[in-house]
Amino acid sequence: MSVERTTAAGGMETSYGFKRVGEGEKQSLVNDVFHKVANRYDLMNDLMSAGLHRLWKDAMVTWLNPPKRPGWKVLDVAGGTGDIAFRIVDASHGNAHATVLDINGSMLGVGRDRAQKKGLSGNTDFVEANAEELPFADATFDAYTIAFGIRNVPRIDVALSEAFRVLKPGGRFLCLEFSEVEMPLLDKAYEAWSFNAIPKIGKMVTGDGEPYSYLVESIAKFPNQENFAAMISRAGFDRVSFRNYSGGIAALHSGWKL
């Protein structure tokens, strides 16, 4: 399937999967998708990654390497179910405080319930807000993380600028996202799995395949590794780099506010 990815110049703000939508229309459409999949979020990521997302998320937190001291604060954006936040708190030996921000109340509801069951309510708080308009003062957080969420933000450049703003000097930005597969045979196999199998399995399991069709299309439209790295640099971050996982099915981007 020949699909033109968006570039560092933009385009995701009017791209709802392969459909072109008007300015300001994408957010409500994406919200509907995540209201539908909130209680099946782990299953969704298992389908999208054949279960590898769990290893990639562990690798993300390892690279972040949160300190084992009190007072360190991380903002996890588009992380409503708490998947990354809980890993970070555990890696800090219970010292880190994670603020989980998501625009979707259904996702946050799942996260709050999980935090309570895990005994992590004291280490986490949950905020319903937009990644493009963070309700925090400048230089509030030591780190900003986002996993498999940035491609669902309409104005990615605005979200990156907001990430830079709320980080303290010396703060770290980490973004894990599905990306461009760099191995030709793997590329074809993953494409076939994504477009043929995932929506059908999603419909079979949840009764609705449309959210899964959007999600695989959004991956195909997202800027590749180099273009996304250029966007991060343009937002003001230094020492921007990325690591590919599983041949580029996913990529982890890093940047520093120096």
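The points below are grouped by topic.

The model is predicted: local features need pLDDT of at least 70, side-chain atom pairs count only at pLDDT 80 or more, and totals for chains, interfaces and linings use all residues. Residues are numbered from 1 along each chain as its sequence is written, and side-chain values use heavy atoms, with hydrogens and water left out.

**Helix H1**
- Helix H1 spans residues 26-37; helices (H or I, at least four residues) and strands (E, at least two) are DSSP runs numbered from the N terminus.
- From first C-alpha to last, the twelve residues of H1 reach 17 Å, close to the 16 Å expected at 1.5 Å a residue, where the expected span is 1.5 Å times one less than the number of residues.
- The buried residues (under 20% relative accessible area, 1.4 Å probe, protein chains only) in H1 are Lys26, Gln27, Val30, Asn31, Val33, Phe34 and Val37.
- They lie on the same side of H1, because they cover an arc of only 160 degrees around the axis, taken from the directions from the helix axis to the C-beta atoms.

**Cavities**
- A cavity is a set of points on a 1 Å grid over the protein atoms alone where a 1.4 Å probe fits but cannot get out, and lining residues have an atom within 4 Å of a point.
- Grid points are joined across faces, edges and corners, and a volume is the space filled by probe spheres set on the points.
- The largest cavity is lined by 25 residues, of which Phe34, Ala78, Asp102, Gly149 and Asn152 are the closest to its centre.
- H1, helix H2 (41-49) and strand E4 (97-102) each give two or more residues to that lining.
- The second largest cavity has a volume of about 70 Å³, and its lining includes Tyr41, Lys57, Asp76 and Ala78.
- Strand E3 (73-77) and helix H4 (83-91) give two or more residues to the lining of the second largest cavity.

**Nonpolar cores**
- A nonpolar core is a set of buried Ala, Val, Leu, Ile, Met, Phe, Trp, Tyr and Cys residues joined through side-chain atoms within 4.5 Å.
- The largest core has 32 residues, and those with the most contacts inside it are Trp56, Met60, Trp72, Ile88, Leu176, Phe178 and Leu252.
- Apart from it lies another core of 29 residues, among them Ile150, Met231, Ala235 and Phe237.

**Glu217**
- Glu217 is in helix H8 (residues 210-221) and is buried, with a relative accessible area of 17%.
- Glu217 and Ser15 are 202 residues apart along the chain, with their C-alpha atoms separated by 9.5 Å.

Definitions and conventions: Buried < 20%, exposed > 50% of the residue type's maximum accessible area, 1.4 Å probe, protein only. 1 Å grid on protein atoms, 1.4 Å probe; cavity = no way out; pocket = protein on both sides within 12 Å on 5 of 7 lines; lining within 4 Å.
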